[in-house]
Amino acid sequence: MTRRFLFVLGSSRSDGNTELLARRAAEQLPESVEQQWIDLAAHPLPDFEDLRHDSDHVRPTRGNVALLLDATLAATDVVIVSPLYWYSVSAHVKRYLDYWSGWLRTPGVDFKATMAGRTLWGVTALAHEEQEVADPLVGTLSNSAAYLRMRFGGVLLGNGSKPGDVLGDADALARAKTFFAQDAPLARFPYETD
């Protein structure tokens with residue numbers, strides 16, 4: 001299967017530090033790798049309605065939900081591009097991930113089996129020097145990948161607050177050059193042992 005990266009932009013502003021860092025990392029991908037970029041602010045999802053125990057699940061055929069479902073299913077690699085908002089993912093990204101719950105029950109999709117073995121990545125910018133404050137964001141993505149038996153490539157962290165600040169983070173820019181080249185291990189929950 002040809003690698004196809006879906007970059008899910010979760011910032012409330014365009015061209016922010018997180019997106020700039022993600023684009024620097026994406027520049028390193030071979031030309032043969034397909035890229036799709038979807039800005040959740042420009043393609044907003046309605047509030048997620050939990051219909052887990054209802055039987056009326058249908059596959060969306062139009063609108064932003066259908067766009068994101070189809071793009072997610074077509075991707076070999078999903079990259080969550082979310083600034084660190086209150087120590088986790090943005091509201092846009094959280095809503096997108098909530099939709100994964102509904103897609104698990106969508107007839108004909110087999111979302112969990114389809115996503116198994118694919119790779120989830122993250123890119124974020126934060127204003128703290130101490131990167132540990134991003135642990136909740138990393139945990140959200142890692143555990144989501146573990147649930148679906150995806151691979152998890154980790155999170156590329158950069159420092160920046162004002163627009164463009166991340167371009168001054170030499171360490172983050174250096175990591176961006178090889179971030180997507182690494183082998184991503186199968187994601188595991190923290191309680192799983194060998």
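Because the model is predicted, local features need pLDDT of at least 70 and side-chain atom pairs count only at pLDDT 80 or more, while totals for chains, interfaces and linings use all residues. Residues are numbered from 1 along each chain as its sequence is written, and side-chain values use heavy atoms, with hydrogens and water left out.

Let us start inside. The largest nonpolar core has 38 residues. Such a core is a set of buried Ala, Val, Leu, Ile, Met, Phe, Trp, Tyr and Cys residues joined through side-chain atoms within 4.5 Å. Here, buried means under 20% relative accessible area, exposed means over 50%, and partly exposed is in between (1.4 Å probe, protein chains only). Which residues have the most contacts inside this core? They are Y96, W100, W103, F111, L120 and L141. At least two core residues come from each of β1 (4–9), α2 (63–74), β3 (77–81), α3 (91–103), α4 (111–115), β4, α5 and β5 (151–159). These helices and strands are DSSP runs numbered from the N terminus (helices H or I, at least four residues; strands E, at least two). Helix α3 gives the largest share of the core, six residues.

Another buried residue is A145, with a relative accessible area of 0%; its place is in helix α5. The C-alpha atoms of A145 and S88 are separated by 16 Å, and these two residues are 57 apart along the chain.

Next come the charged pairs. Side chains of opposite charge can pair when their charged atoms come close. Counting a salt bridge as a side-chain nitrogen of Lys or Arg within 4 Å of a carboxyl oxygen of Asp or Glu, the structure holds seven. One of them joins the side chains of R3 and D77, at 2.8 Å from N to O. This pair links distant parts of the chain, since R3 is in the segment before β1 and D77 is in strand β3, 74 residues apart. Are its two partners buried or exposed? R3 is partly exposed, with a relative accessible area of 35%, whereas D77 is buried at 2%.

A second salt bridge brings together the side chains of E34 and R4, at 2.4 Å from N to O. E34 lies in strand β2 (residues 34–39) and R4 in strand β1, so this pair ties together parts that are 30 residues apart in sequence. E34 is partly exposed at 37% relative accessibility, and R4 is partly exposed with a relative accessible area of 22%. In a further salt bridge, R59 meets D70, with their closest N and O atoms 2.7 Å apart. R59 lies in the loop between β2 and α2 and D70 in helix α2, so parts that are eleven residues apart in sequence are tied together. R59 is partly exposed at 35%, and D70 is partly exposed at 37%.

The loops have some backbone details to check. Most residues other than glycine have a negative phi, and most peptide bonds are trans. D15, in the loop between β1 and α1 (17–26), has a positive phi near 60°. Y87, in the loop between β3 and α3, has a positive phi of about 70° although it is not a glycine. Y87 counts as partly exposed because its relative accessibility is 34%.

Finally, we reach the surface. D110 has its place in the loop between α3 and α4, and D110 counts as exposed at 52% relative accessibility. From D110 to T18, 92 residues apart along the chain, the C-alpha atoms are separated by 31 Å. Elsewhere, E129, E130, E132 and D135 gather in a patch of negative charge on the surface. Patches are made of residues with over 30% relative accessible area and no salt bridge, with like charges joined within 9 Å and nonpolar side chains (Val, Leu, Ile, Met, Phe, Trp, Tyr) within 5 Å. E129 is found in the loop between β4 (119–126) and α5 (135–147), and E129 counts as exposed because its relative accessibility is 64%.

Key: Accessible areas come from the Shrake-Rupley method with a 1.4 Å probe; for residues, only the protein chains shown count as cover. Lys and Arg count as positive and Asp and Glu as negative; His and the chain ends are not counted. The place of a charge is taken as NZ of Lys, CZ of Arg, CG of Asp or CD of Glu.
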